[in-house]
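Here are some questions and answers for reading a protein model with care. Keep the sequence and the 3D view side by side as you go.

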Amino acid sequence: MSDDAPGSNHDKHAPSAGAAHADDPGRRRFLKIATCALGGGMGAVVAVPAVRYLLFPMGRKVVLSGGEPIDVCALDQLVVGAPPVRVPVIARSVRDAWSTVTDVPLGAAWLRRTADDKVEALSSICPHLGCAVALDAAGQAFQCPCHDSSFKIDGARESGPAERGLDPLAVEVVDGRVRVTWVQYRQGGTDREPV
Ligand code: FES
């Protein structure tokens, strides 16, 4: 005897519970959103590190030697009480964005040995508008050729449009070598602001 007899509760043409769920518009919408969200999330998981890898180190400036003491000369080259000596300050390695450059000239310093174990360093950049200052003929003062600012031998401002003295640089003596930490300051003004 057939189960499909008239009056049976198992009518084969009636939609099953599963088919009813599949046709439910709310359920279909939910599944669609969930699928998109899952796909988007997985895409972000893969894409974010990839983009960061590709862009690194864009926007970053990493100076390996510029903010650290740089060897500029032997202590023996400086004589106590003698006029200052001008030395170039050269970074051994500077990394900027994707490139690494070696032996980068950062500027120049005037070194003055004031005692056996003491050296003072001044930036050669005029704090007015950035020209390079020079030692005067007597070796007892600094003169800027651009607008005639002048500075004492210790860097103090003497005259002219420069509003402050020459910028001092940190200096140290290690194993008979003189090392200078280069800092470039903003031009103009009485305050020293590193740039
Ligand atoms: S740049 Fe030195 S006085 Fe102007």
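This is a predicted model: local features need pLDDT of at least 70, side-chain atom pairs count only at pLDDT 80 or more; totals for chains, interfaces and linings use all residues.

Q: With which residues is Ala109 in contact, leaving aside its neighbours within four places in sequence?
A: Once its neighbours within four places in sequence are left aside, the residues in contact with Ala109 are Val72, Val87, Val89, Ala121, Leu122, Ser123, Ser124, Leu169 and Val180.

Q: Which strands stand at the edges of the open sheet formed by 4 strands?
A: The order of the strands in this open sheet is E6-E7-E8-E9, and the pairing is antiparallel. A strand at the edge has a single partner strand, so one side of it is left without a neighbour in the sheet, and this applies to strand E6 (134–135) and strand E9 (157–159).

Q: Which residue in E9 stands opposite Ser150?
A: Strands E8 and E9 run antiparallel and are joined by 2 bridges. In E9, the residue that stands opposite Ser150 is Ser159.

Q: Is Asp148 buried or exposed?
A: Asp148 lies in the loop between strand E7 (141–143) and strand E8 (150–152). Because Asp148 has 12 C-beta neighbours inside 10 Å, Asp148 counts as exposed.

Q: What is the phi of Asp175 near?
A: Most residues other than glycine have a negative phi. Asp175, which is placed in the loop between strand E10 (168–174) and strand E11 (177–181), is exposed, with 8 other C-beta atoms within 10 Å. Its phi is a positive value in a residue other than glycine, near 50°.

Q: What pattern does the protein follow when read along the sequence?
A: The protein has 2 helices and 11 strands. Read along the sequence, these elements follow the pattern α-α-β-β-β-β-β-β-β-β-β-β-β.

Conventions: Residues are numbered from 1 along each chain as its sequence is written. A residue is buried if 20 or more other C-beta atoms lie within 10 Å of its own, exposed if 12 or fewer, and partly exposed in between; C-beta atoms are placed from the backbone. Two strands pair if DSSP finds at least two bridges between them. Two residues are in contact if their C-beta atoms, placed from the backbone, lie within 7 Å.
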